[in-house]
Amino acid sequence: MAKVTLCSDWLDICSGCEMSLLDIDERIVELIKHVQILSTPVTDLKHPPKEGVDVGILTGAVSNDHQLKVAQMIRERAKLLIALGDCAVFGGICTMRNFFDTEEVLRRAYVETESTAPGQEVPRSCEIAKLFPQVRAVNQVVNVDLHIPGCPPPADAIWYAITELLAGRIPVLTDDLLTYD
Amino acid sequence: MANVNVTIDEKAGAVPGGITVLEAARLLGVDIPTLCDHPAIAPIGACRICLVEVENQRVLQPACTFPVSEGMTVHTESPKVLDARRFVLQLLFSERNHYCMFCQMSGSCELQNLAYRYGLNHWIFDRPFPRLPVDASRDFFAMDHNRCILCRRCIRACDQLVGNGTLGLKHRGASTMVIADMDVPFGESSCVSCGTCLQVCPTGTLMDRASAYMGATKEITRVTSTCNLCSIGCGVELVVRGNRVIRVEGDWDTEPNKGLICEIGRFHLLFDKRARMRQPLVKALGTTGQDGLVAASWDEALDKVAAELAAAGAKACTVVSGYASSETAAAACQLPGDKMLMEPAANGASPACLDALDEADVVIVAGSDLAENHQVAGFAIKRGVRHRGARLLLLAKGKNGLDDWAYHKWAPDQADKAVAIAREAQAPVIVYTADNEALAAQLGAALPDAKRVYLPAGGNTLGLAAANIAAFQANDATAYYVVAGEAKEIPPDLRVALEKARFVAVQASFREPWEGLADVLLPSPLLFEKTGSVTNAEGRTVQIVAAVKTSLKAEDQVVKELIARTHR
């Protein structure tokens, strides 16, 4: 049987969810017998093929216009989209900046932090993505088929979700696999 | 009221008429989830989590307030109910800023538990991210409004259980906020930091500085014990992790406090900044130790104390604080010389029944400030004033913590004015401490039907009195042995006596306030570290149970070893 194709990408992240995915440890040997991992931010190929993949995983919240495009691209190219981690599912820690004006946030980050040398400016290059006023969860910008919350989600939850999907079932997270922290 | 027959989730039974569906469900063994409900507080149907399907009702009804009726059939987990419950949870989570990943309540949060129970794994509504404050103006605990679900348990507890009524609400709808007094910072309000609101808060809104992030429900153990910091002897639950007490809670199931404790019992030991006594200290001449005190072995220290006490013979004197257990008191009786109480005690006062305060229509407080000591008794009086129309007559000079609840306040020499009012009362009560014994006697003579509530100073004062340890009297003792426990202050009489004495040894939990006075300091376990019995103000013997293990010698053990050496 043809392997299930999978890709992942990250938005406003800390990469904790990627670390948690890798925490499936030696189970990855079993995984790659059934799943072909086409592209991830931590492997050679960074983008899924235009023909699309079966499963797309997004981590992180949608904070700037570039991340919105990434989310839309993955949604388009994945038959089933998984939002992995509290930031992708709820907006997570990233939403802390929703209480402040983006200019306040940029000034704090680039000018005012205690360890920043004086005389710095907020970078304004047109190549840098623009912050949205509010950070959003992935399901606020595209349709999401499966949510796996957690900060990060336990490796067991990720493993369970993938193996349930491979068995043709919709995973339902309960007990220790469902966590918001 | 006559029983009615109800059926809840296929469980049929007869339940008392007039109770709520929630109470009936509990009687029949059906679990209906709740958030704003609390067994000690009257229900208000605020959170809507307990909505259930009642046959023949047009809409779902909140089980916590809906009364049962004959033949009622209730479904508590039907598809309609589950939909509604998930909807309510979605609304609760969407309204404010609920971040489990950095909340100290994660793992112990009633809101989170419900979300897990109903399998919520994403939010369906956009969130407004209101900018809400954190009030950290109180010494021991803070309030983060971002996590508040407006269940009003804190407001109701402060009003109904403590009688303080500090908390309330401002604005309406999504702008509703819990406030203190007329919207002042909690630390500047009429709040007495009893922490009852903290104890009943279902979410991480109210958090105490000692136990935050120190362990969630699955990681902690609870030990039932008794507080011995005053003579009321409130039942407490000590929350322990890794051999440390991280939090003290009132035990809802014990008398006389029924779940309430005061700021002192809840916080003072956890936040005490004094240096703990960990090993014996002996004053040595010409040394560089602090106050001349240097570490010594137990043998050295005990031998020295024993020798001094034995040599002083009849001129030795043992002073025992109410912080000591009855077992320690019994042992201390075998030391040479006189035995005395550290705290003042009244003569011939009989144990009080604190329930009298919950039935009284007039309470005369003779002199004491019940917002300083014996606060839980003060709560009972405040409840009576706020909810039963009880009248508080304060006979005190100067500012008193219960001034705002007093019907009248007079100086103690105008007791006859209080008597005139109390004479007309159905259930008058006189509350007094040892310092006001004479005034209380005067009142008691004028009001023979009044119940008398004597609140001994110190924790186990009645237990010590039962061991025939008499009130402190200045004498010509030359060697003193003080079993001080956690005592913070030295009574002026005792201080004078200790300064005059030739030799002073103290068995204490903390170095302060004994450093300048003691020739020998012996470490004593803290309240949380010892097991023993105490007799509370109601005359009942209750147990202090050690919640943590310590390598320190047990409190009575130190005394026993001392006695063994004095008899050599």
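In the predicted model, R276(B) is in contact (heavy atoms within 4.5 Å) with S509(B), F510(B), S524(B), P525(B), L526(B), E529(B) and L552(B), its neighbours within four places in sequence being left aside. R276(B) is itself located in the loop between helix 6 (263-268) and strand 14 (281-283) of chain B; helices (H or I, at least four residues) and strands (E, at least two) are DSSP runs, numbered from the N terminus. With a relative accessible area of 18%, R276(B) is buried, where buried means under 20% relative accessible area, exposed over 50% and partly exposed in between (1.4 Å probe, protein chains only). Two of the residues around R276(B) are also its polar partners: its side chain makes a polar contact with the side chain of E529(B) at 2.9 Å, and a polar atom of its side chain lies 3.3 Å from the backbone oxygen of S509(B). A polar contact is a pair of N or O atoms within 3.5 Å; within protein, one must be able to donate a hydrogen and the other to accept it, and residues adjacent in sequence count only if both atoms are side-chain atoms.

As this is a predicted model, local features are reported at pLDDT of at least 70 and side-chain atom pairs at pLDDT 80 or more, whereas totals for chains, interfaces and linings use all residues. Residues are numbered from 1 along each chain as its sequence is written, chains are lettered from A and ligands numbered from 1 in the order in which they are written, and side-chain values use heavy atoms, with hydrogens and water left out.

Chain B contains 15 helices and 27 strands, and 58% of its 568 residues are buried. Along the principal axes, the C-alpha atoms of chain B fill a box of roughly 85 × 55 × 45 Å. Of the contacts in chain B between residues at least 6 apart in sequence, 65% join residues at least 24 apart.

The contact between the chains takes 24 residues from chain A and 20 residues from chain B. About 1900 Å² is buried between chain A and chain B, 59% of it on carbon and sulfur atoms; this is the accessible area (1.4 Å probe) that two parts lose on being put together, summed over both. F90(A), F99(A) and Y180(A) supply 38% of the area that chain A buries against chain B, more than any other three residues. Between the chains there is 1 salt bridge, formed by D176(A) and K218(B), with the closest N and O atoms 3.8 Å apart; the criterion is a side-chain nitrogen of Lys or Arg within 4 Å of a carboxyl oxygen of Asp or Glu.

Backbone geometry was also examined. Most residues other than glycine have a negative phi, and most peptide bonds are trans. The peptide bond from C151(A) to P152(A) is cis, with omega near -5°, and the bond from E255(B) to P256(B) is cis, with omega near -5°. N56(B), not a glycine, has a positive phi near 75° and is exposed at 81% relative accessibility. L150(B), also not a glycine, has a positive phi of about 55° but is buried at 9% relative accessibility.
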